[in-house]
Amino acid sequence: MPLLEPAHVEADAAAALSKLREWSGDPVFGVGFCLGGSYSWRLAAAGLGLAGAAGFYGVPRFFGDRAEQLTAPLLMLLAGEDVVTTREEFAEFTSGLDRAGKEYEMKVYEGAPHSFFDDSDEDWSDVCTDAWHRLLAFTGVRVGEPAA
């Protein structure tokens, strides 16, 4: 049995969302990195009412064949030199989203390695800034303005 079961991730997310919704009716977005990015996208197809799901260098195979169930837009922030996921995997993934008529934004940062969103590597600071601004825009937060 795998250590991480999709049903368990979805149950945990549903419990967390239930609690968040007790406190606020604001839209809720998922965000994650690598495997967490994959599960962020997957949760947008789990009927949880997410407003959107962002993933940094996620792995499409963990999303599975859930494009038809997707109910929220996806933001995919990808490393051009990712050693974990190939461009072909993303082409197949986005083809499935296109066939299902689902909304997504994909940004590939050419030359960037897997795990580029790391403030300890100054080589990628411009890429990190751009990715952060894209994430804020995706969630409706305007750059330069405090979050509500």
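How do strand 1 (residues 29-33) and strand 2 pair, in the parallel or the antiparallel sense? They pair in the parallel sense, over five bridges; two strands count as paired if DSSP finds at least two bridges between them. Helices (H or I, at least four residues) and strands (E, at least two) are DSSP runs, numbered from the N terminus.

A quick word on the ground rules: this is a predicted model, where local features need pLDDT of at least 70 and side-chain atom pairs count only at pLDDT 80 or more, while totals for chains, interfaces and linings use all residues. Residues are numbered from 1 along each chain as its sequence is written, and side-chain values use heavy atoms, with hydrogens and water left out.

- Four strands form an open sheet in the order 1-2-3-4, with parallel pairing.
- Strand 1 and strand 4 (104-113) are the edge strands, each pairing on one side only.
- From one strand to the next, the twist averages 15°, with axes taken as lines fitted to C-alpha atoms and angles running from 0 to 180 degrees between N-to-C directions.
- In general, strands of a sheet pair through backbone hydrogen bonds, either parallel or antiparallel.

- Strand 2 (residues 52-56) is mostly covered, as five of its five residues are buried; buried means under 20% relative accessible area, exposed over 50%, and partly exposed in between (1.4 Å probe, protein chains only).
- Gly52, Ala54 and Phe56 are buried on one side of strand 2, and Ala53 and Gly55 on the other.
- Phe56 is the bridge partner of Phe33, and Phe56 also stands opposite Leu77 in strand 3.
- Strand 2 and strand 3 (residues 74-81) run parallel and are joined by four bridges; Gly55 stands opposite Met76 there.

**Helix 2**

- Strand 1, helix 2 (residues 35-43) and strand 2 make a right-handed β-α-β unit; right-handed means that, with the strands pointing away from the viewer, the path from the first strand over the helix to the second runs clockwise.
- Arg42 belongs to helix 2 and counts as buried because its relative accessibility is 14%.
- Arg42 and Gly55 are 13 residues apart along the chain, and their C-alpha atoms are separated by 10.0 Å.
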